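Dear colleague,

Please find below the structure I promised to pass on to you, followed by an account of what came out of it. I would be glad if you could read the notes with the structure open beside them.

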Amino acid sequence: MANDSGTRDRAETRAAKQREREVAGAAAWQDHEAEQRAIEERTQRLRAMRLAREAEKV
C-alpha cells in the first residue's frame with residue numbers, strides 16, 4: 001500500500017511540474033510575441049520617418 005502512495009505522489013509531482021513548465025512556456029511565448037510586435041512597430045515607424053525624409057529631399 002505504501003508503494004501505491006509513493007507512486008501516486010511521484011505521478012502527482014510529475015504532473016505538477018509539467019503544468020508549471022506549460023505555464024512558463026506560455027508566458028515565454030507571450031513575451032516573445034510582444035517583443036516581435038514591438039520590433040515590427042519600431043520598424044514601421046522608422047520606415048515611415050525615412051520615407052518622409054526622402055520625400056522632403058525630392
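This is a predicted model: local features need pLDDT of at least 70, side-chain atom pairs count only at pLDDT 80 or more; totals for chains, interfaces and linings use all residues.

Glutamate 56 is found in helix 1, which takes in residues 2-57, and the secondary structure of the protein chain comes to 1 helix and 0 strands.

**Overall form**

The C-alpha trace of the protein chain spans about 85 × 5 × 5 Å along its principal axes. Of the 58 residues, 2% count as buried, and the protein chain exposes about 5400 Å², of which carbon and sulfur atoms supply 54%.

**Charges and salt bridges**

As for charge, the protein chain carries 13 positive and 12 negative side chains, and the centres of these two sets lie 4 Å apart. The structure holds 2 salt bridges, which I describe in turn.

One of them joins the side chains of glutamate 35 and arginine 42, with an N to O distance of 3.7 Å. Glutamate 35 counts as partly exposed because its relative accessibility is 42%, and arginine 42 is likewise partly exposed, with a relative accessible area of 39%.

The other links glutamate 54 with arginine 50, and here the closest N and O atoms are 3.5 Å apart. Both of these residues lie in helix 1, where glutamate 54 and arginine 50 are 4 residues apart, or about one turn of the helix. Are these two partners buried, partly exposed or exposed? Glutamate 54, at 39% relative accessibility, counts as partly exposed, and arginine 50, at 35%, also counts as partly exposed; the reasoning is that buried would require a value under 20% and exposed a value over 50%.

Technical notes
Residues are numbered from 1 along each chain as its sequence is written. Side-chain values use heavy atoms; hydrogens and water are left out. Helices (H or I, at least four residues) and strands (E, at least two) are DSSP runs, numbered from the N terminus. A salt bridge is a side-chain nitrogen of Lys or Arg within 4 Å of a carboxyl oxygen of Asp or Glu. Buried means under 20% relative accessible area, exposed over 50%, partly exposed in between (1.4 Å probe, protein chains only). Accessible areas come from the Shrake-Rupley method with a 1.4 Å probe; for residues, only the protein chains shown count as cover. Lys and Arg count as positive and Asp and Glu as negative; His and the chain ends are not counted. The place of a charge is taken as NZ of Lys, CZ of Arg, CG of Asp or CD of Glu.
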